[in-house]
Amino acid sequence: MSETALMIDSVIPRTAVAKRAARIGAEIRNIKLSGDLPDQTIAAIEGLLLEHKVIFFRDQGHLDDAEHERFALRFGKPMLSPTLDAAKGTKSILEIDYARGGFRTDGWHIDFAYLDAYPKILVLRGAVIPPVGGDTVWSNTAAAYLDLPAPLQRLADNLWAVHSNAYDFAVFARPTEAEKKVHDEGLTRARFETEHPVVRVHPETGERTLVLGFYVKRFVDVPKYDSQKLFDLFESHITAPENTVRWNWKQGDVVIWDNRATMHYAIRDFGDQSRVVRRVAIDGDVPVGVDGRCSVPRIKIINQPPASVV
């Protein structure tokens with residue numbers, strides 16, 4: 001057993017860690033999250049996150065926005081959304097509420113992948129959960145890379161893709177006018193386009209992970225028709241059921257995921273029922289490809305800050 005594993009076991013016993021799927025996801029039990037947790041506990045949570053990619057905590061209803069924020073910021077500096085408002089009364093919590101025309105998350109994506117340095121960690125809390133529906137699915141993009149045949153790994157290693165927040169609404173089913181309006185307002189505030197390697201090297205584990213999702217516009221130096229074929233091919237490995245875990249939310253749940261090694265999809269199957277989740281993003285670093293080159297911003301236009309951020 002490694003030194004890191006021994007440290008984790010001494011703080012969070014393995015009996016409190018229940019794997020949720022073979023390749024990704026673990027539920028951590030018998031822990032009350034707060035901003036006052038000891039450094040050793042935060043380090044153990046980070047270790048479990050690197051191992052399992054996404055970790056789940058039930059029964060965290062004691063957290064309000066302020067304590068949620070304090071806990072999340074134990075993992076690093078907050079990253080504010082350049083295109084969307086923070087939740088009322090906070091600087092770093094983003095509220096996601098479809099009923100109020102919030103941005104779409106029911107497609108496979110990496111949060112803020114249109115930025116050159118997108119978040120490393122996301123901490124999401126279930127504030128209002130419908131009695132039926134509203135699950136979220138995560139995928140392990142490191143496992144997806146390992147599933148690729150060697151020739152496709154070599155191809156992916158050398159590909160770069162353009163990601164943009166001016167995404168195509170055709171990837172979503174039945175977008176509403178309110179959702180389109182939120183998207184257009186976000187583009188008015190800020191426009192981003194970034195070239196990322198299709199394979200990034202994880203800065204902590206050294207794993208190779210695939211960087212795709214619905215923010216991808218095209219592959220660099222590849223015609224649009226061929227880009228779509230390649231995208232579908234690599235995306236099919238990411239979304240293969242063997243590489244995923246599905247979480248059935250309950251109010252008060254907290255989920256933390258490694259945004260450098262996962263993609264996720266919030267399932268929109270709850271009709272007119274209310275579903276509200278709140279999220280804190282933690283600053284990440286610029287991705288580095290297999291050849292050592294870093295992601296490159298192509299367009300970065302910020303016209304005004306979100307109104308709720310001071």
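Student: Let's start with the four-strand open sheet. What order do the strands come in, and how do they pair?
Tutor: Happy to! In this predicted model, the order is β11-β7-β8-β16, and the pairing is antiparallel.

Student: Which strands stand at the edges there?
Tutor: Those are β11 (216-219) and β16 (296-302). Each has a single partner strand, so one side of each lacks a neighbour in the sheet.

Student: And how much twist is there from one strand to the next?
Tutor: The twist averages 15 degrees.

Student: How many bridges link β7 and β8?
Tutor: Five bridges, in the antiparallel sense, between β7 (residues 160-164) and β8 (residues 190-197). To find one of them in the viewer, look at S164, whose bridge partner in β8 is E193.

Student: Nice. Now the seven-strand sheet: what's the order?
Tutor: That open sheet runs β1-β2-β3-β13-β5-β15-β4, and its pairing is mixed. β1 (17-19) and β4 (93-97) are the edge strands; each pairs with a single strand, so one side of each is left without a neighbour in the sheet. Neighbouring strands are turned against each other by 25 degrees on average, direction ignored.

Student: What's the pairing sense of β5 and β15?
Tutor: Antiparallel, over seven bridges, with β5 covering residues 121-128 and β15 residues 276-282. Within that pairing, L122 stands opposite A281 in β15.

Student: Which strands does α2 lie across?
Tutor: Helix α2 (residues 39-52) lies across β1, β2 (26-28), β3 (54-57), β5 and β13 (254-258), at about 125 degrees to β3.

Student: And α3? Which strands does that helix lie across?
Tutor: Helix α3 (residues 65-72) lies across β4, β5, β13 and β15, running at about 30 degrees to β15.

Student: Switching to helix pairs, at what angle do α5 and α7 cross?
Tutor: Roughly 120 degrees, with the axes of α5 (residues 150-157) and α7 (residues 224-238) coming within 12 Å. That angle is why α5 counts as oblique to α7. The crossing is left-handed.

Student: Which residues meet there?
Tutor: From α5 you have L152, L155 and A156, and they meet L230, L233 and F234 of α7. The residues of this contact divide into six nonpolar, no polar and no charged.

Notes:
Residues numbered from 1 in each chain as written. Predicted model: local features only at pLDDT ≥ 70, side-chain atom pairs only at ≥ 80, totals over all residues. Heavy atoms only, no water. Axes fitted to C-alpha atoms, helices over the stretch in contact; angles between N-to-C directions. Helix = DSSP H or I, 4+ residues; strand = E, 2+ residues; numbered from the N terminus. Parallel < 35°, antiparallel > 145°, perpendicular 65-115°, else oblique. Left-handed = near helix turned anticlockwise from the far one by under 90°. Contact = heavy atoms within 4.5 Å. Nonpolar A, V, L, I, M, F, W, Y, C, P; charged D, E, K, R; others polar. Pairing = 2+ DSSP bridges.
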